[in-house]
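User: I would like to go through part of a structure, one question at a time. Please give the cut-offs as the terms come up.

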Amino acid sequence: MTISDTIAAISTPPGEGAIALVRISGANAIEIADKIFRGKESPSRFVSHQQHMGEIVDASAAPIDQVVLSVHRSPASYTGEDVIEISCHGGTLVSAKVLEACLRAGARAAQPGEFTERAFLNGKMDLTQAEAVMDLIRAKTDLALRSAAEQLEGRLGQKFSEIRNELIELIGQIEASIDFPEEGIAPEEGETLTGRLDLIREKISILFATARQGRILREGVRVVIYGATNAGKSSLLNRLLGYERVIVSETHGTTRDTIEEAINLRGVPIRLFDTAGLRKSAEGVELAGIARTEKSLQTADLLLHIADRSAPMPPHFEERVGGPNEIVVLNKSDLPAHPDWTDLAAPRISCRTGEGVSQLEEEILKRVSKENLRPESTVAINMRHRDCLRRALDACDRARAALQSGVSPEYIAIDLNEALGAVGEVIGAVDMEQILDSIFGQFCIGK
């Protein structure tokens, strides 16, 4: 795969629809369009970003479909290259035939993500913006959509660029004093350098702390419903989903496996996990289900510990309860309450009637937002960013330790360059040119 190739692909989802979009990008895109389009004039004569009606024809000049075609000339296009967009009828066969005509005329079938990859390689966006394209497509809630849109606008990339530029200035100051002592470029005092480095590290730490929010925005909050058998776990899942997803029965151990469903709870993405009921007499398949329940409890962002309010409190129940990521839920409020639960402060609900469920949803949102989300800030990194920032933080810590121990500036520069490389990986900017500019910018004119 080379960027000099001209690529083509169907950009709309597979299946039938009113319109399908076939896109061509590359140096020969307009030439290919000239070969397959028949209209009042050839695409090579089109004004950029204007649509023209005509026909796409096959190798024998027989019409395939009536289309609307537009030319987007470089660099004012999504990829930064010449781009052709063909809007044809949205049938599976007709769109495939139009794509086939593009390939026969000289294009190559695009790889997944290749149009956006070219946009990055041609400087139309940084890597965080490229990743935001897929986040935008996959967003399931307003908050996730807002986060992806702001990342696509470059807000997250700008924060990384600011950190990177500050590191470049710091490295430039240190390396200039090392490499060109005759120019009289004095290194800053150790305390001043430490202060500048601490400010950089603080900015990295703030972004690093958004990793959890980023995971939740992209994947959803993991909410695990667990408790004793027949307490109403599956009934609660059905009630929160708004439809009967899971079979509910009075028989103990009906749920044998972990069941996952996603909901949008007032703008927050939630992944609900209904688990096998906990009881000591389980065996066989049910025992394996309980083992999966225990595993799910370890990876949960929030636990809903559901209990039957009409039955006695299970032995050692209160020993398992506690922590900011757990809500005890007392089900079956439509039945007489057992006295064991009188003094326990917990939401009372009825999965049968729906009583108290809206209040439980409020409590879930309150816990989730407090522990995991900051709605006022939608800037949130992903796992790739987190790994890069972790390495940057480690390198900054080593550089700070070297500064305080008074070692040679060369060793400090090595650690700072490692931090710079890690930050640069996030936005796809890893080079020496800006460091050199920072170094030589301190010289006198004429040197």
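User: How many bridges join strand 8 to strand 10, and do the two run parallel or antiparallel?

Analyst: This is a predicted model, in which local features need pLDDT of at least 70 and side-chain atom pairs pLDDT 80 or more, while totals for chains, interfaces and linings use all residues. Residues are numbered from 1 along each chain as its sequence is written, and side-chain values use heavy atoms, with hydrogens and water left out. Strands are DSSP runs of E, at least two residues long, numbered from the N terminus, and two of them pair if DSSP finds at least two bridges between them. Strand 8 (residues 221–227) is joined to strand 10 by five bridges, and the two run parallel.

User: Which residue stands opposite Ile270 in strand 10?

Analyst: Strand 9 (residues 259–265) pairs with strand 10 in the antiparallel sense over seven bridges. The two form a hairpin with two residues between them, and Arg266 in the turn has a positive phi of about 55 degrees. Opposite Ile270 stands Ile263.

User: How many residues of strand 10 are buried?

Analyst: Buried means under 20% relative accessible area, with a 1.4 Å probe and protein chains only. Val268, Ile270, Leu272 and Asp274 point one way, Pro269, Arg271 and Phe273 the other, and all are buried. For strand 10 (residues 268–274) the count is seven of seven.

User: Which side chain does the side chain of His305 make a polar contact with?

Analyst: His305 lies in strand 11 (residues 302–308) and counts as buried because its relative accessibility is 5%. A polar contact is a pair of N or O atoms within 3.5 Å, one able to donate a hydrogen and the other to accept it within protein; residues adjacent in sequence count only if both atoms are side-chain atoms. At 2.9 Å, the partner is the side chain of Tyr226.

Key. Buried means under 20% relative accessible area, exposed over 50%, partly exposed in between (1.4 Å probe, protein chains only). Helices (H or I, at least four residues) and strands (E, at least two) are DSSP runs, numbered from the N terminus.
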